[in-house]
Amino acid sequence: MALYRRLSRSRHAFHHHSIAALYPSPHLTNPRLINPFQFSSSDGDHNYTHTPNSKVSLTFYSPHSSRIELSGLHFSTLANSEEKKKNEQQKAKPSWIDAYLPQRIRPYAHLARLDKPIGTWLLAWPCMWSIALAAPPGSIPDVKMMTLFGCGALLLRGAGCTVNDLLDRDIDTKVERTRSRPVASGVLTPFQGLTFLGFQLLLGLGILLQLNNYSRILGASSLLMVFSYPLMKRFTFWPQAYLGLTFNWGALLGWAAIRGSIDPSVVLPLYASGVFWTLVYDTIYAHQDKEDDLKVGVKSTALRFGDSTKEWISGFGLACISSLALSGVNANIGWPYYAFLTAASGQLAWQILTVDLSSRADCNRKFVSNKWFGAFIFGGILSGKLL
């Protein structure tokens with residue numbers, strides 16, 4: 001009997017200290033308070049529920065994903081609580097636009113996504129690749145032309161975002177990530193957005209007119225794709241492919257601006273590599289909105305591929321690297337290019353293998369990292385031309 005009492009006291013002490021370790025609140029350290037037939041309560045940090053003929057279920061919030069069973073009690077954590085906190089902190093953090101620009105200009109800067117330069121990088125890199133490939137052996141690329149194309153990428157990206165927000169304002173209000181955009185939120189009217197679009201296109205025209213006639217025609221021919229791209233997600237599961245055709249037009253235009261025409265054996269594989277690259281990074285990006293896209297009825301490769309996404313983008317990644325290699329061979333570029341191409345392959349493989357497609361934060365992180373892929377390719381072309 002004495003042995004039984006000692007074992008009973010040990011069991012209650014273990015139960016008491018286990019609950020106390022998990023819940024520092026004083027009223028929870030007494031195991032007698034947890035009655036599987038009477039207890040039903042909640043507070044700011046924990047949630048306690050009970051249904052008849054079942055065990056008590058306690059849910060507590062923690063940044064770690066785990067499930068603990070102790071003395072018939074189940075403790076569950078919310079696996080995505082940490083990610084939600086990070087997203088809220090990121091939203092709450094003001095950008096440089098809000099910190100430094102006059103208040104009247106801020107909505108237009110947000111409309112052009114000036115605080116998110118990754119889009120400009122992704123648009124500019126194919127231009128820079130093409131300009132560098134067109135440079136004579138042993139020469140650096142035309143700095144003036146790269147500056148013009150850099151400014152053009154900034155303006156065209158801003159114009160594309162403006163068109164997208166004007167056409168998608170009914171959809172953006174239903175998507176968590178986009179409902180705060182200037183047009184969707186009502187900060188800017190559609191007319192103000194159209195006026196700003198005209199201003200950006202006027203500046204872009206000023207840059208286009210500084211190129212040769214062949215390049216002017218080639219550049220102007222891309223505007224139809226720029227304006228129609230936002231509509232593609234309403235009709236096809238492949239809007240990312242259409243974006244690739246649009247976003248990588250600079251691979252054709254850069255060479256033409258230097259040489260006065262295009263060399264299909266060099267620029268077509270380069271253009272194709274950009275399209276495949278876009279299918280990789282924009283499919284990853286689209287996984288951020290897949291739940292909202294299902295609700296509002298728009299399409300994407302993220303929804304088309306589903307659980308097979310990594311297999312698909314692995315194929316696109318392989319096609320991208322192969323096309324870049326073919327373009328380099330046809331351009332008779334030096335061996336350093338292929339060393340950089342190997343490094344770029346590693347960066348692309350890292351994205352595909354490690355991306356967590358269920359995490360919005362990780363999808364965005366991998367998407368933004370593509371600026372380094374573009375930099376590797378540009379460094380390889382530059383080195384291959386000079387060495």
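Reader: Which residues lie nearest the centre of the second largest pocket?
Author: This is a predicted model. In it, G152, L156, G204, L208 and L253 lie nearest the centre of that pocket, out of 26 residues that line it.

Reader: What is the volume of the second largest pocket?
Author: The volume is about 520 Å³.

Reader: And which helix gives the most to the lining?
Author: Helix α6 does, with seven residues. The helices that each supply at least two residues of the lining are α5 (118-134), α6 (143-167), α9 (190-208), α10 (213-220), α11 (223-232), α12 (239-247) and α13 (250-259).

Reader: How many nonpolar, polar and charged residues are in that lining?
Author: The lining has 19 nonpolar residues and seven polar ones, and no charged residues.

Reader: Let us step back to the whole chain. How many helices and strands does the protein chain have?
Author: There are 20 helices and five strands. The chain has 387 residues, and 46% of them count as buried.

Reader: What about its accessible surface?
Author: That surface comes to about 20000 Å², with 63% belonging to carbon and sulfur atoms. As for contacts between residues at least 6 apart in sequence, 65% of them join residues at least 24 apart.

Reader: Now to helix α19. Which of its residues are buried?
Author: Helix α19 spans residues 360-368, and D362, C363, K366 and F367 are buried there. Viewed down the helix axis, these buried residues fall within an arc of 140°, so they line one face of α19.

Reader: What covers those buried residues of α19?
Author: The cover includes α5, α14 (264-286), α18 (336-354) and α20 (370-386).

Reader: Changing topic, where is R181 found?
Author: R181 is in the loop between α7 (169-172) and α8 (182-185). With a relative accessibility of 15%, R181 counts as buried, since the cut-off is under 20%.

Reader: Which residues is R181 in contact with, leaving aside its neighbours within four places in sequence?
Author: Those residues are R113, N164, D165 and D172.

Reader: What can you tell me about phi of R113?
Author: Phi of R113 is near 60°, a positive value in a residue other than glycine. Most residues other than glycine have a negative phi. R113 is located in the loop between α4 (106-111) and α5, and at 8% relative accessibility R113 counts as buried.

Reader: And N332: what is its phi near, and is the residue buried or exposed?
Author: Phi of N332 is near 55°, again positive in a residue other than glycine. N332 belongs to the loop between α17 (309-330) and α18. N332 is exposed, its relative accessible area being 71%.

Key: Residues numbered from 1 in each chain as written. Predicted model: local features only at pLDDT ≥ 70, side-chain atom pairs only at ≥ 80, totals over all residues. Heavy atoms only, no water. Helix = DSSP H or I, 4+ residues; strand = E, 2+ residues; numbered from the N terminus. Buried < 20%, exposed > 50% of the residue type's maximum accessible area, 1.4 Å probe, protein only. Contact = heavy atoms within 4.5 Å. Areas by Shrake-Rupley, 256 points an atom, 1.4 Å probe, with all protein chains shown as cover. 1 Å grid on protein atoms, 1.4 Å probe; cavity = no way out; pocket = protein on both sides within 12 Å on 5 of 7 lines; lining within 4 Å. Points joined across faces, edges and corners; volume = space filled by probe spheres on them. Nonpolar A, V, L, I, M, F, W, Y, C, P; charged D, E, K, R; others polar. Arc of directions from axis to C-beta.
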